[in-house]
Amino acid sequence: MAIPQVDVTRTTPTRRGIIDCDVHNELDSDRDLYPYLSRRWRDHIDAYGIRYYTGSFYPRFMDHRADAWPPSGRRAGSEAAYARDHFLNRYEIAYAILNPLTPVGRHPNLDLDAALATAVNDWQVAEWLDVEPRLRASMVIPYEDPPRAVDEIKRCGADKRFVQVLFLGRPHEPMGRRKYWPIYEACSTYGLHVASHAFFSAGNPITGAGHASYYIEDHIGPPQAMQANITSMVAEGVFEHFPTLNIVSVENGFGWVPALMWRLDASWRLLRGEVPHLKRPPSEYIREHLYLSTQPMEEPPRSKPRHFEQLLEHYGYTDRLMFASDYPHWDGDSPEHAVPAYLPDEVKRRIFSENARALYRLT
Amino acid sequence: MKYIVAAVDEIPPGGRKIVEVAGHAVGIFNIDGEFFALRNRCPHQSGPLCEGKLWGILEARLPGEFEYVPRREILACPWHGWEFHIRTGQSWCEPARLRARRYELRIEEGSALRAEPDAPGPGLVKGPYVAETYPVSTQGRYVVVEVAGEPMPAPSPG
């Protein structure tokens, strides 16, 4: 299917008003960040390179949809103008939240990690947010060095186009640990959410059983880490201490949420003496503070469509699930096909637009 | 209805051309001298199927024992890699449910095409006005796609 030609000056086709909670802006190479790095760090990178825990990657079609590479030959997702014409305009996306998957958060050298965070955020402002008004961004922060992460939040926090801070799927420690609380404190001050995006690691394997042989095992691994992270945040009392903080789970699926809530509540009834700081059943914190994005869609077999509606009922939260395309990654979802057609229009409207509009306070 | 979509020489072995036929984008492929036509629309999520990679087939009798069949006859959609046999449109992901739309295709001599009756379609009446025409080469061989009736509807999501 040919990509329709679009007038690039027409930047707000919002008839359908889809809000896409996971679009990736990519670096063509680390050198894209050189204009935003000091001479000291450019020299460092030239001499030592950027080394990081890889965790996992997306091999099919070398990360991306084979049709999303711009004519310049640069990496798919690395040119704002191309992403706008190829994706935002075509699907009439009202707003898209950028999640840059960069070395930030997984570089062993914390000084360089902090410098990279600043450079990535400046690159996002200059080459993405200033270029296309429909974009919002996740702020990257050196979360393994919380004081520096707080500095970055203070530096960028006044720019309301940053709507959340980004954690990759597997930080050094589970996300509820006290180490990360200064970050949550700063997020509460600036009205930022915390996003946890699937994949990538600061050293932990993708499964609870260790590293796996095949990419297909990596591909379905992220829910394991997300369950550990949300359980940790609940159990450590993050949401008691920061009652306005929300966590947005991106690309981790959502079918597992009801079972986790049931199991946590059952355990809490037996073990609540250990966690007296929890005033309510764990499921209530999850229902209140956890938002989830659709891609990858988890659907029952098409012969059992009722099971999907039951899943949303168990969840109790059609007001917490938000559409995400994962553009331009090869396993992403088209807005025209992602959400089952049999869902009531009201539910689809919430998933495609209303839920994210409310969470991110978009007009 | 017949559509002349390319001269044979335009699409070398291993090459492809995406054309418009009866309002649909159609990919014409030359595989080792044989020509095939598939609709440029993946029945999974409507991706531009014919822009995808042509791959061989990887088979395994046992875990860890792989055999690669290199003949490039499996077309993988550029979005999610759903695989279809280029000869038949048959899906190798969900064979019971999905099939790519395949078109009948022939190679015809230019002189033969020239001999076709000049009526553009059934139910049309010749009008009084005649537009300026230009001579068209009838030498060489052409790829012709035949479309009978309406295209097969795609399965609806859900």
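1. Let me start with the pairing of S5(B) and S6(B). Strand S6 of chain B covers residues 65-76, and S5(B) pairs with S6(B) in the antiparallel sense over 8 bridges. Strands here are DSSP runs (E, at least two residues), numbered from the N terminus, as are helices (H or I, at least four residues); two strands pair if DSSP finds at least two bridges between them. Within this pair, Val69(B) of S6(B) has Ile57(B) standing opposite.

2. A word on provenance. This is a predicted model, in which local features need pLDDT of at least 70 and side-chain atom pairs count only at pLDDT 80 or more, while totals for chains, interfaces and linings use all residues. Residues are numbered from 1 along each chain as its sequence is written, chains are lettered from A and ligands numbered from 1 in the order in which they are written, and side-chain values use heavy atoms, with hydrogens and water left out.

3. Now the sheet around that pair. In chain B, three strands form an open sheet in the order S5-S6-S7, with antiparallel pairing. S5 (53-62) and S7 (83-85) of chain B are the edge strands; each has a single partner strand, so one side of each lacks a neighbour in the sheet. From one strand to the next, the twist averages 55° (axes are lines fitted to C-alpha atoms, for helices over the stretch in contact, and angles run from 0 to 180 degrees between N-to-C directions).

4. How many residues meet at the interface of the two chains? Contact (heavy atoms within 4.5 Å) involves 18 residues of chain A and 22 residues of chain B. The buried area between them is about 1800 Å², with carbon and sulfur atoms giving 52%; this is the accessible area (1.4 Å probe) that two parts lose on being put together, summed over both.

5. Most residues other than glycine have a negative phi, and most peptide bonds are trans. Phe199(A), however, has a positive phi near 75°, and Phe199(A) is found in strand S5 (residues 193-201) of chain A.

6. Two cis peptide bonds deserve a look too. One joins Gln295(A) and Pro296(A), with omega about 0°; Pro296(A) sits in the loop between strand S7 (290-293) and helix H11 (305-315) of chain A. Another joins Tyr327(A) and Pro328(A), again with omega about 0°, and Pro328(A) belongs to the loop between strand S8 (321-322) and helix H12 (345-359) of chain A.
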